[in-house]
Amino acid sequence: MCLSVYAAFDLASRLSFHFITEKLRITTKSVYIFGIIAAGIFRSIFAESRTFKTILFSIAIFGYLRATSVVNQVLILSDHCAGHYPEKFSGAYGLNMIIKGIVVMAVGQTLGHLRDVAISYETCFHVHNAFLVIILLIWSIQSKYCKRE
């Protein structure tokens with residue numbers, strides 16, 4: 001049931017979120033950052049939930065927010081390439097997919113091993129959130145550095 005709720009809200013987000021952000025005139029980068037932070041919060045709520053209603057609620061919100069980060073990741077790449085290097089978008093997208101594949105295989109194995117050692121899915125969820133915080137910090141530093149140049 002949780003997977004069905006997650007998928008339904010993921011689909012709802014993919015169908016509706018673009019119109020919401022377009023109406024509010026929010027940039028794709030801002031939506032991506034918001035999606036990662038909010039999804040991390042609801043991932044933690046899900047990890048620590050013990051009642052069925054709380055689990056369903058948190059997984060629904062997490063599904064909706066997770067889709068915002070997945071969809072906007074490609075849009076950020078597209079926005080950057082369109083502004084600077086439109087002819088290099090296909091290469092940048094391919095490189096992005098290769099790097100994501102390598103990272104998913106490496107981090108997935110590491111989190112799987114951590115789960116086996118800790119015997120806790122909650123720990124894996126929190127470590128995943130910690131990875132995302134580190135990425136956001138690095139991205140924030142890089143954004144500030146590039147704006148100064």
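## About the model

This is a predicted model, in which local features need pLDDT of at least 70 and side-chain atom pairs count only at pLDDT 80 or more, while totals for chains, interfaces and linings use all residues. Residues are numbered from 1 along each chain as its sequence is written, and side-chain values use heavy atoms, with hydrogens and water left out.

## The salt bridges

A salt bridge here is a side-chain nitrogen of Lys or Arg within 4 Å of a carboxyl oxygen of Asp or Glu. Side chains of opposite charge can pair when their charged atoms come close. Helices (H or I, at least four residues) and strands (E, at least two) are DSSP runs, numbered from the N terminus. Aspartate 10 counts as buried because its relative accessibility is 12%, and arginine 14 counts as partly exposed because its value is 42%. For these words, buried means under 20% relative accessible area, exposed over 50%, and partly exposed in between (1.4 Å probe, protein chains only).

Arginine 50 and glutamate 122 make another salt bridge, with their closest N and O atoms 3.3 Å apart. This pair links distant parts of the chain: arginine 50 is in the loop between helix 2 and helix 3, glutamate 122 is in helix 5 (residues 121-148), and they are 72 residues apart. With a relative accessible area of 58%, arginine 50 is exposed; glutamate 122, at 23%, counts as partly exposed.

## The nonpolar cores

Which residues make up the largest nonpolar core? It has 9 of them: Val5, Ala38, Ala39, Phe42, Leu56, Ile59, Ala60, Phe62 and Leu65. Helix 2 and helix 3 (52-84) each supply at least two residues of this core, and helix 3 gives the most, with 5 residues. A core in this sense is a set of buried Ala, Val, Leu, Ile, Met, Phe, Trp, Tyr and Cys residues joined through side-chain atoms within 4.5 Å.

Leucine 56, one of the core residues, touches Met1, Cys2 and Val5 when residues up to four places away in sequence are not counted. Contact means heavy atoms within 4.5 Å. A second, separate core has 5 residues, including Ile36, Ile76, Leu132 and Leu136.

## Buried polar residues

Serine 58 lies in helix 3 and counts as buried, because its relative accessibility is 0%. A polar atom of the serine 58 side chain lies 3.1 Å from the backbone oxygen of isoleucine 55. Leaving aside neighbours within four places in sequence, serine 58 is in contact with Phe42, Ile45, Phe46 and Ser49.

Not counting residues up to four places away in sequence, asparagine 129 touches Gly40, Arg43 and Ser44.

## Loops and surface

The loop between helix 1 (2-24) and helix 2 (28-48) holds isoleucine 26, and arginine 25 lies in that loop too. Arginine 25 has a positive phi of about 60° although it is not a glycine, and at 77% relative accessibility it counts as exposed. Isoleucine 26 is partly exposed, with a relative accessible area of 37%.

Ile20, Leu24 and Ile26 form a nonpolar patch on the surface, with about 260 Å² of accessible area together. Patches are made of residues with over 30% relative accessible area and no salt bridge; like charges are joined within 9 Å, nonpolar side chains (Val, Leu, Ile, Met, Phe, Trp, Tyr) within 5 Å. Accessible areas come from the Shrake-Rupley method with a 1.4 Å probe, and for residues only the protein chains shown count as cover.

Isoleucine 119, in the loop between helix 4 (89-118) and helix 5, has a phi near 50°, a positive value in a residue other than glycine. Isoleucine 119 is exposed, with a relative accessible area of 66%.

Note on methods
A polar contact is a pair of N or O atoms within 3.5 Å; within protein, one must be able to donate a hydrogen and the other to accept it, and residues adjacent in sequence count only if both atoms are side-chain atoms.
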